[in-house]
Each structure stands twice: as structure tokens, then as C-alpha cells.
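Here is a short briefing on a protein chain with a ligand. Please look over the sequence and the model before reading on.

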Amino acid sequence: MSRSTDSSRWLAAVTLALACCTGAFAQDKAAAPQPGAPVTNAPTAAPTPAPGAGGAPQGIQGQNIFTVKPDADADPNYLKQNNGERNRVQPGNNAPMWRQVSSGTQGYTSLPKSEAPEAGVLVQRFVTYPGSQHTNAGEAWRQVRNQWLIPYGGALLLIVLGALAIFYFAKGPIGEHEAGDGGRRIERFTPFERSAHWANAIAFCTLAISGMVMAFGRALLLPVIGGTLFGWLTYGLKTLHNFVGPLFLVSLVIVFVTFLRDNFPQKGDLRWLLTLGGMLSKDHRELPSHRFNAGEKVVFWGGVFLLGIVVTASGLVMDKLLPGIDYVRQTMQVAHMVHNVATVLMIAMFLGHIYIGTIGMRGAYSAMREGWVGDAWAREHHAYWYDEIAAGRIPAERSTPAGRPVHGGPARTA
Ligand code: HEM
């Protein structure tokens, strides 16, 4: 929403609004259309001097760029009232004009329609959104965002954080082995895979933090740090968000392609899911899994693939970067609501992923940072994957016999 056409559109809208209020677009009474006369959207002719005694008072210019529409949504008394009667009894009252403005009537603008299809509309046409009773679309969107999306989205994130905290304090980190435990060193992630993962993770965190300041900052930060600092902070973070968004998309595609091969459903995944990896089973022992367990595959398909498409597509719409779309207010409102819901779900899902990848599981963070795990760790958490390595079915560069690391990693002895 930050491109130059926007500034000119807003400038035009503000100028137009000011002009309406000050009467700069004056009425040419002689040329004013009569009831039933053809309607045009062109501005009236050059301003005429205000009539003297008996006419409208000096400075009150009734008609404006919003010309009369003799149809159902036009005020039937508009012409009668504006042709002098209202101006005589209620000088300065241009309510009929504002009724038209707020019903979405298109006024005149010199901006080309192809560039700014809605520049002549000061207040958007009536549409409402589920969750709001309001018939003015802008206000309906605002209500849906502020009364539904922000509070419920915030509540969901707090619930997820609370659940993770309870889980951590009740159970502690999963697993007995650190990443390096065991005789051999096995390469879990190649340097390319780690670069792709970290590029994506950094872009994600940047977007999540800047997005959450935009979404929740008004309620949580503004009262604490004050308007000036909050204004600069959100302006900076919003600009960063718009810039990092497309970079995130590129890194997401790379991550998707890189890890696709090991994320297809495999034998044992369903059982893993039904028992949450063994947590719901009788003995609570972790179930065997392939290179990625079924939980990681859910994050991959649900978070990276599905939510990734929705989040990036809606974000690119708001950045006006997708071709073939009519960028009007309603498009932006729908894109924004979709983006808000999808990003909150994505953040909730990745909070779980980040938890397991850091404090939730012994050795997981080190595996992604260094790229290596010992065979005790591999056997404990990814037994099927370990069996494949032991049987030599995983490509040789993925594993190394004791003391002979591949890719120049540090030597280890059993
Ligand atoms: C291609 C990727 C993305 C693009 C192009 C993008 C773009 C945008 C844009 C244009 C806005 C509106 C900013 C404004 O008001 O001017 C926005 C808001 C937001 N974005 Fe993104 N975004 C992307 C990815 C993400 C991701 C990955 C997250 C979270 C992890 C996220 C979270 C948010 C949040 C929370 C908001 C604020 C919504 C609100 O205020 O209600 N975005 N994004």
C-alpha cells in the first residue's frame, strides 16, 4: 500500500474533500440540471459569483461535483432543496451532497480511471463484512479488524504461548541425547539446507515482529511508549515489512523445493500423528520416524505450503504487486482480513516449531546450526532415518563412519 499512485490518489481525495467543504467546486445555477434531466459526471462550469439578496448567501455554493442521479439511491428532494430553498432556510447545510458522497456516488476526478479506478469516490459504496452490522464498507472492515481479528488473533497467540510454557515446565525438553551424542557423526542438514532455513527463519521473524507491532501495537505499545515513538516505530517497521515480504516469498520457495523430497507421507506417519509422536501412547516413548516426523510434515504442508501461499498472495495484493487485479478499496480490505487471519495461524504454528527447535528438544537447535548429529540422537528421534543410513540407503555424503567426517567437519571418536 505504499506506492506513488496511492499518494496521488489520497492527495486527490483530500483535495476533493476540501474543495467540497469550502465550496470551491461551485454551482452554476443557470446550468444546474432540472429533475429528470440527463445526468453527467462532469464538473459544472466555472464558478459563478454568488447571488446577492434573495439568492443563496455569499460563499454558500450548493451544488458540487457530485451531480444528481435521478434513481433510487439519490435523494428525491435533492434538486428542489439545492435549487435555492435549502440554501435560503439553512445556509451552509449541504447534507444532501454528503448523503450522496456517503452512498458511494462517483464524483469527477482528473486522474485516469486506469490508474485510480476509485479516485472519484470519497466514501466507498455500501458493502458489509461478516461480523459487522455496519453498511459502510470502510467502517465495517475497521470493526471486523478491531473487534474480531485483533482480539481473537491475540488471544489465540497467548493461548499457544501459555500451552507451550505449561508443557515446558511440566515436561522439560524432550529426549535424553544431545546432538553430538553417539559414535558417528551424521550430517543432518547440508550447508545449503541450513542457509535456506535460516534465510527463511530470519525473514519470517522480521515479518512476524513487524506485523504484530502493526496489529497489536496500538493496544499494547502506544500507551507505554507514546505517540511519537510509536509513530516512527510503526512507520519504520511497516516499510521493513513491505520490503522483506517479497524476500520471504523467495526464501519460502527455496525452502519448499529443498525439503520437499523428505516431506511426503511415509509409513508410520499416521500412527505418529494419532499418538502425537508417542506422547499419548501408554509408555510415552517417542515413535520412530523418517528424516522428518509427521509433526514436521504437518508444519511443512500446512504452514510452509498452504498458509505460505495464502499469506504471500494476500500480502502481495496489499503491496499491489500481483498483475491483473482491480486494486480498489474492497480488494484491499478483503486481502487485509485474509492476511491477518492466515498470518496469525502461521505464527501460532511456527511458535510450536520454534519451541521444538530451541528449548523444547535437546540437540535440535544445534543440529540446524552445525548441521551434524551423533547416531544416538538420530536413533532416538528419527529411527527409520537412522536405519536407512545404517543400511547404506541414504546417500553416502549424509553420513560418515566414526572419526571420518565428511565436508570437513571436526573429527570425532566413538
Ligand atoms: C510475501 C510475504 C508478505 C507480504 C508481501 C506482506 C505484506 C503485508 C502488507 C502490505 C501489510 C499491510 C501493511 C500496511 O498496513 O501498510 C501486512 C500486514 C501484516 N502482515 Fe504481512 N506480508 C507478508 C508476510 C507476512 C508474514 C510471513 C507474516 C507473519 C509471520 C505477516 C504478518 C503480518 C501482520 C500481522 C500484519 C498486520 C495485520 C493487521 O494490522 O491487522 N506478513 N503485510
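**Confidence and overall make-up**

The protein chain has a mean pLDDT of 78, and 74% of its residues reach 70 or more. pLDDT is the predictor's confidence in each residue, from 0 to 100. This is a predicted model: local features need pLDDT of at least 70, side-chain atom pairs count only at pLDDT 80 or more, and totals for chains, interfaces and linings use all residues. Residues are numbered from 1 along each chain as its sequence is written.

- Over residues 1-72, pLDDT stays under 50. The model has 96 contacts beyond four places in sequence for residues 1-72.
- Two residues are in contact if their C-beta atoms, placed from the backbone, lie within 7 Å.

**Fold**

- The protein chain holds 13 helices and two strands. Helices (H or I, at least four residues) and strands (E, at least two) are DSSP runs, numbered from the N terminus.
- Of the 414 residues in the protein chain, 27% are buried. A residue is buried if 20 or more other C-beta atoms lie within 10 Å of its own, exposed if 12 or fewer, and partly exposed in between, with C-beta atoms placed from the backbone.
- Take the contacts in the protein chain between residues at least 6 apart in sequence: 67% join residues at least 24 apart.

**Helices α4 and α10**

- The axes of helix α4 (residues 137-171) and helix α10 (residues 329-360) come within 11 Å and cross at roughly 5°. Axes are lines fitted to C-alpha atoms, for helices over the stretch in contact, and angles run from 0 to 180 degrees between N-to-C directions.
- The contact of α4 with α10 involves 18 nonpolar, seven polar and two charged residues. Ala, Val, Leu, Ile, Met, Phe, Trp, Tyr, Cys and Pro count as nonpolar, Asp, Glu, Lys and Arg as charged, and the others, Gly among them, as polar.
- Gly-153 sits in helix α4. Gly-153 is buried because 21 other C-beta atoms lie within 10 Å.
- Beyond its neighbours within four places in sequence, Gly-153 is in contact with Ala-215, Asn-340 and Val-344. Gly-153 and Asn-340 are 187 residues apart in sequence, yet 8.3 Å apart in space, C-alpha to C-alpha.

**Ligand shell**

- Among the 27 residues around the ligand, Gly-211, Gly-245, Gly-315, Met-318 and Thr-343 come nearest. A residue is near a molecule or strand if its C-beta atom, placed from the backbone, lies within 6 Å of it.
- Two or more shell residues come from each of α5 (191-220), α7 (227-259), α9 (294-318) and α10.
- By type, the shell around the ligand has 15 nonpolar, nine polar and three charged residues.

**Individual residues**

- Leu-247 lies in helix α7. It counts as partly exposed because it has 15 C-beta neighbours inside 10 Å. Its C-alpha atom is 8.6 Å from that of Asn-200, 47 residues away along the chain.
- Leu-276 is in the loop between α8 (269-274) and α9. Its phi is near 50°, a positive value in a residue other than glycine. Leu-276 is exposed, with 12 other C-beta atoms within 10 Å.
- Lys-320 is in the loop between α9 and α10. Its phi is near 60°, also positive in a residue other than glycine. With 17 C-beta neighbours inside 10 Å, Lys-320 counts as partly exposed.
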